[in-house]
Amino acid sequence: MLLAQLLWPPSFPSASKSPHHPDIPFANTCTVHTTIRALVKFDTSKNKLYVAGAKALAEAMRDNQVMTELNIADNGLGKTSEYGKADMSGIIAIGDAIPTMGALEKLIMAKNELMRNGSVAGKALADALSANTTLKELD
């Protein structure tokens with residue numbers, strides 16, 4: 001069963017799209033997680049989150065003191081859409097959220113096109129990772 005099916009009310013028309021943000025898969029899932037605060041591992045890899053989803057995820061994860069593992073690999077976080085232009089603002093938002101996640105031990109964010117105009121995003125991530133003292137594994 002999909003995570004969205006477990007978390008969303010059955011009245012939602014689709015388990016793969018948020019009725020609030022139809023272009024952002026699972027965007028509403030982030031809102032649910034900020035209220036339950038009990039999720040320790042979250043794998044949202046290969047969901048085409050792009051920049052808008054990265055920003056929503058960053059906002060939802062900010063100040064989370066419970067999550068130990070986050071997998072956001074292969075989501076195109078460095079671009080606006082599948083064939084869209086490079087945009088590092090989502091990566092920067094995630095970089096800003098990482099230091100506030102006091103329990104995060106494992107972060108997987110491979111295959112997100114971080115090198116497209118990545119100097120600003122790379123610096124944001126480097127700063128975030130150096131500020132997080134609990135992170136033990138990075139991919």
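This is a predicted model: local features need pLDDT of at least 70, side-chain atom pairs count only at pLDDT 80 or more; totals for chains, interfaces and linings use all residues.
## Overall layout

The protein has 139 residues, and 42% of them count as buried. Its secondary structure comes to five helices and four strands. Along the sequence, these elements follow the pattern α-α-β-α-β-α-β-α-β. Taking contacts between residues at least 6 apart in sequence, 74% join residues at least 24 apart.

## Salt bridges

Side chains of opposite charge can pair when their charged atoms come close. The count here is three salt bridges.

| Glu 69 | Lys 41 | 4.0 Å |

Take the pair of Lys 41 and Glu 69, with 4.0 Å between the closest N and O atoms. Lys 41 belongs to strand S1 (residues 41–43) and Glu 69 to strand S2 (residues 69–71), so this bridge ties together parts 28 residues apart in sequence. Lys 41 is exposed, at 54% relative accessibility. It passes the exposed class because that class begins over 50%. Glu 69 is partly exposed, at 21%.

Glu 105 is in the loop between helix H4 (89–97) and strand S3 (106–108), while Lys 136 is in the loop between helix H5 (119–131) and strand S4 (137–138). The two residues are 31 apart, and the pair links distant parts of the chain. Glu 105 is partly exposed, with a relative accessible area of 35%. Lys 136 is exposed, with 70%.

Glu 137 lies in S4 and Lys 106 in S3, so the bridge ties together parts 31 residues apart in sequence. Glu 137 is partly exposed at 42% relative accessibility. Lys 106 is partly exposed as well, with a relative accessible area of 23%.

## Helices H3 and H4

Two packed helices are described by the angle between their axes and the distance between the axes. Helix H3 (residues 50–61) and H4 pack at about 15°, and their axes are 8 Å apart. Angles under 35 degrees count as roughly parallel, so H3 is roughly parallel to H4. Their crossing is left-handed.

On the H3 side, the residues in contact are Val 51, Ala 54, Lys 55 and Ala 58. They meet Ser 89, Gly 90, Ala 93, Ile 94 and Ala 97 of H4. By class, this contact holds six nonpolar, two polar and one charged residues.

## Positive phi at Lys 48 and Tyr 50

Two non-glycine residues deserve a look at the backbone. Lys 48 has a positive phi of about 55°. Lys 48 is located in the loop between S1 and H3, and counts as partly exposed at 47% relative accessibility.

Tyr 50 also has a positive phi, near 55°. Tyr 50 lies in helix H3. At 13% relative accessibility, Tyr 50 counts as buried, because the buried class covers values under 20%.

## Ile 98 and its contacts

Ile 98 is found in the loop between H4 and S3. Ile 98 is buried, with a relative accessible area of 1%. Beyond its neighbours within four places in sequence, Ile 98 is in contact with Leu 107, Leu 125, Ala 128, Leu 129 and Asn 132. One of these partners, Leu 125, is 27 residues from Ile 98 along the chain. The C-alpha atoms of Ile 98 and Leu 125 are 8.4 Å apart.

Notes
Residues are numbered from 1 along each chain as its sequence is written. Side-chain values use heavy atoms; hydrogens and water are left out. A salt bridge is a side-chain nitrogen of Lys or Arg within 4 Å of a carboxyl oxygen of Asp or Glu. Buried means under 20% relative accessible area, exposed over 50%, partly exposed in between (1.4 Å probe, protein chains only). Axes are lines fitted to C-alpha atoms, for helices over the stretch in contact, and angles run from 0 to 180 degrees between N-to-C directions. Angles under 35 degrees count as roughly parallel, over 145 as roughly antiparallel, 65 to 115 as roughly perpendicular and the rest as oblique. A crossing is left-handed if the near helix is turned anticlockwise from the far one by less than a right angle, and right-handed if clockwise. Contact means heavy atoms within 4.5 Å. Ala, Val, Leu, Ile, Met, Phe, Trp, Tyr, Cys and Pro count as nonpolar, Asp, Glu, Lys and Arg as charged, and the others, Gly among them, as polar.
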